[in-house]
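Thanks for coming. I will go through a few local features of one chain, with the cut-offs as they come up.

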Amino acid sequence: MTLGNVVRTLAYTYDVGLFLTVPSEGVSCSTGIQRVADAVYAGGMVTGMVLWGLGLCWYILAFAMVVDHVLKNRDFFFLSKFSVGLWAITFPIGVFATATTTLASELHSPAFKVLGTILSVQVALHWLYVSCMTIYKACDGTIFAAPEVASFEGKVTVRDLEKAHNPRPSVNMP
């Protein structure tokens, strides 16, 4: 969407084209450039809406998984269950919030503005929570402790790891 805006601005304001166009009879060069600029802008809007819809599907799926996990495990957000892996959620939510606010400014849509505001607040709160917990766990010295791995208590052998990496035994074929 931003590329479309830049192309349209260059074509309409400065009469500069990013593409080499050969105008047809009776069409000035600037009009040909403006047509290409409009096509790039329209293509960017369609692509942006499709990708935003895909992002919405992934956001709903991730939100449902977190809600399901919280309902099954009440201490999900407490110190004992915090993991550095929660940083992985920050980037996709931030990108989705940025895409929503960009669409809101392009489409002049109040619905996208409200949704973008809600998502931006969610990103800020998530970032604040995860950064505070990361600093606390780093000072505590337990930031890299993995409770999932600790449950094995040395029961994993080298042979188990080799089986995990090579599940099928090699067969010598003549």
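Start with Leu61, which sits in helix H2, residues 29-72; helices here are DSSP runs of H or I with at least four residues, strands are E runs of at least two, and both are numbered from the N terminus. Before going further, this is a predicted model, where local features need pLDDT of at least 70 and side-chain atom pairs count only at pLDDT 80 or more, while totals for chains, interfaces and linings use all residues. Residues are numbered from 1 along each chain as its sequence is written, and side-chain values use heavy atoms, leaving out hydrogens and water.

Leu61 is partly exposed because its relative accessibility is 43%. The classes are buried for under 20% relative accessible area, exposed for over 50%, and partly exposed in between, with a 1.4 Å probe and protein chains only.

Lys72 is exposed at 67%, and Asp68 is partly exposed at 38%.

Next, helix H3, residues 90-107, which contains Glu106. Is Glu106 buried or exposed? Buried, because its relative accessibility is 17%. Leaving aside residues up to four places away in sequence, Glu106 touches Asn5, Tyr41 and Met45, where contact means heavy atoms within 4.5 Å. With Tyr41 there is a side-chain to side-chain polar contact of 2.5 Å. That term means N or O atoms within 3.5 Å; within protein, one must be able to donate a hydrogen and the other to accept it, and residues adjacent in sequence count only if both atoms are side-chain atoms.

His108 lies in the loop between H3 and helix H4 (110-140). His108 is not a glycine, yet has a positive phi of about 55 degrees. Most residues other than glycine have a negative phi. His108 is exposed, at 61% relative accessibility.
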